[in-house]
Amino acid sequence: MSVPGGVPGAAGKGYLLMRRDGALWGVANAAVESLTRGAGGFRVGVGAGELCIDEIVGVVAELPIRPMAVALRRFWPEAAGGLAVHAEQPLVVVDPQRPPRSLRLSLP
C-alpha cells in the first residue's frame, strides 16, 4: 500500500504518530510525502528521505510541542523538532529535514 501526498483524510494538518523499537515518534503530517507498508513495517517518505518504522499509531490534530532542553541535548545528539506527550507517553518530534539515524535504518 502506498499513499502519495501524506496521510489520507488528514489534509496536511496534525501529526503522524509512529513507533520504532518501542519508542514513540511524531512527524508533522504536512511533511509526509508518502506512506508505504512492507512486510516488516512501514516506510514514511519525508523531506530528507525515508523513515523506517514498525507501527503507525495514528494521527492527532494537535500536539503541544516543547523545545528540547539544553541538558537533554547533551545526551541526545540528533536533531529534533521538539518533545511532546501523547496519551501519557513521551515522544520525539522528528525534524523531516534531519531525521534521526534510528529511523533511517533499514527494516528487517
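**Exercise 1.** What pLDDT does the protein chain average?

*Solution.* Remember first that this is a predicted model. The protein chain has an average pLDDT of 84, and 85% of the residues score at least 70. Next, go element by element: strand β2 (residues 15-20) has the highest mean pLDDT, 96, while strand β1 (residues 2-4) has the lowest, 39. Then turn to residues 1-11, where the pLDDT is below 50. Beyond near neighbours in sequence, this stretch makes 24 contacts in the model. Where pLDDT is low, the predicted coordinates should not be read in detail.

**Exercise 2.** Find the order of the strands in the five-stranded open sheet, and name the edge strands.

*Solution.* Now check the two ends: β7 (55-60) and β8 (82-86) each pair on one side only, so they are the edge strands. On average, neighbouring strands of this sheet are turned by 30° against each other, direction ignored.

**Exercise 3.** In which sense do β8 and β9 pair?

*Solution.* Strand β9 covers residues 89-93. With β8 it forms five bridges in the antiparallel sense.

**Exercise 4.** Locate P96, then list what it touches.

*Solution.* P96 sits in the loop between β9 and α2 (101-104). Leaving aside residues up to four places away in sequence, P96 touches A31, V46, G47 and A48. Take G47: P96 is 49 residues from it in sequence, yet their C-alpha atoms are 5.4 Å apart in space.

Terms used: Residues numbered from 1 in each chain as written. Predicted model: local features only at pLDDT ≥ 70, side-chain atom pairs only at ≥ 80, totals over all residues. Heavy atoms only, no water. Helix = DSSP H or I, 4+ residues; strand = E, 2+ residues; numbered from the N terminus. Axes fitted to C-alpha atoms, helices over the stretch in contact; angles between N-to-C directions. pLDDT = per-residue confidence, 0-100. Contact = heavy atoms within 4.5 Å.
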